[in-house]
Amino acid sequence: MRVLIVGGGVLGTMHAWQAVERGHEVVQLEREPEARGASVRNFGLVWVGGRAAGAELSAAQRSRELWERIGARVPAVGFRPNGSLTVLRTPRELAVAEEVAARPDAAERGLELLDAAAARAVNPALRGAFLGALRCTRDAAVEPRTAQPALRAALAATGRYSFLPGREVRSVSTGVVRDDRGDEHRGDVVVLCTGAWLGGLVRELTGGVPVRRVRLQMMQTEPLGEPLTTSVADGDSFRYYPAYRGAALDELNHAQPQAEVAREHAMQLLVVQRADGGLTIGDTHAYDEPFPFDTEDAPYAHLADVAESLLGRPLPRVTRRWAGVYAQCADPTRVVHREQVEPGVWLVTGPGGRGMTCSPAIGFDTAEEVGL
């Protein structure tokens, strides 16, 4: 079978991986010279602990296993099972962690509550003042800037994969994709993984999809100069991830409001150390379009302040700042929007901030549904 994939981001690439693994031939088209969207503008987190029970947690757990297998075969993906620490600075944040760690599914998620000394033993770079940390041993990380090229190189080595960059697709019908160079590509199945590109061809094919776009801001520093042995989150992440909902979170939201800038920009702190030692730090969330074309300094200052308070030291110099946009299902209970828009033509979009985490499982599930 010949599979045509439109979109060169991590979601499209994981669909290509599944198809090649199942013995099929794949042609993957990308309108840019290289993926430039949310697939490279993220933390590289494989984030399990905070996922909603049910389909979302299942997808994250399965993806965690798939990422580990893929990382063993393709080392440049940069997979590492580093886990995470959500650092608790107030009694109310500690109460949320205590409630979550006592739930029946805590072990399945790899969650355990640590006091401050135990948290520092796990991650000695955390020298700031805090009460404890919620550890997730199931969380992991990959390198978003190298993962897609590394995966494509491994796919190309099979002899059954071709990557065609700089090809904007202009029309799609059953078994046929036509690009802006006038070339026609034929296959048995077409999978559209167009990310946050929801207009143009996608609108023509669907009339609109139940997916919204979300904008974020992030930054990266020079090398820290020491290992950050886990990914790190702050207590505001409890407000963002669905697994932490409950009475203790309600009390946190009522009695301990977010800082004004964090509330205005729907923020949480996440910190991941890159392979070169630098730190990726974020992030913000904006939901109302049109999005600004520029970035704002206040969220960056807040993120730096919180990160420095946890590390107990100044951050290294910030070398990069960026904004990104991803597509998220309007129904938060859905992991992804998957729709057959023409016979043999499938649109897969809207994983939201779960794209890097869940793309291996999403690709697997599409392959099963399509019958690859």
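How many residues lie between β9 and β10 in the hairpin that these strands form? There are two residues between them, and Gly175 in the turn has a positive phi of about 80 degrees. This is a predicted model, and the points below take up the strands around that hairpin and then the nonpolar cores.

**Strands β9, β10 and β11**

- Strand β9, which covers residues 169-173, runs antiparallel to strand β10, residues 176-179, and four bridges join the two.
- Within this pairing, Val172 has Val177 of β10 as its bridge partner, while Val177 also stands opposite His185 in β11.
- Strand β11, made up of residues 184-186, pairs with β10 over three bridges, again in the antiparallel sense.
- The hairpin of β10 and β11 has four residues between the strands, and Gly182 in this hairpin takes a positive phi near 85 degrees.

**Nonpolar cores**

- The largest nonpolar core holds 40 residues, of which Val26, Trp67 and Val77 touch the most other members.
- Among the elements that give two or more residues to this core are the strands β1 (2-6), β8 (161-165), β12 (189-192) and β19 (345-349), together with helices including α2 (55-73), α6 (144-156) and α12 (355-370).
- Helix α1 (10-21) is also one of these elements, and α1 gives the most to the core, with seven residues.
- Leaving aside residues up to four places away in sequence, Val77 touches Trp67, Ile70, Val142, Glu143, Thr146, Ala147, Ala150 and Leu151.
- A second, separate core comprises 28 residues, including Val87, Ile281, Leu303 and Val306.
- As a general background, nonpolar side chains in soluble globular proteins tend to be buried together.

Methods: Residues numbered from 1 in each chain as written. Predicted model: local features only at pLDDT ≥ 70, side-chain atom pairs only at ≥ 80, totals over all residues. Heavy atoms only, no water. Pairing = 2+ DSSP bridges. Core = buried A, V, L, I, M, F, W, Y, C linked by side-chain atoms within 4.5 Å. Buried < 20%, exposed > 50% of the residue type's maximum accessible area, 1.4 Å probe, protein only. Contact = heavy atoms within 4.5 Å.
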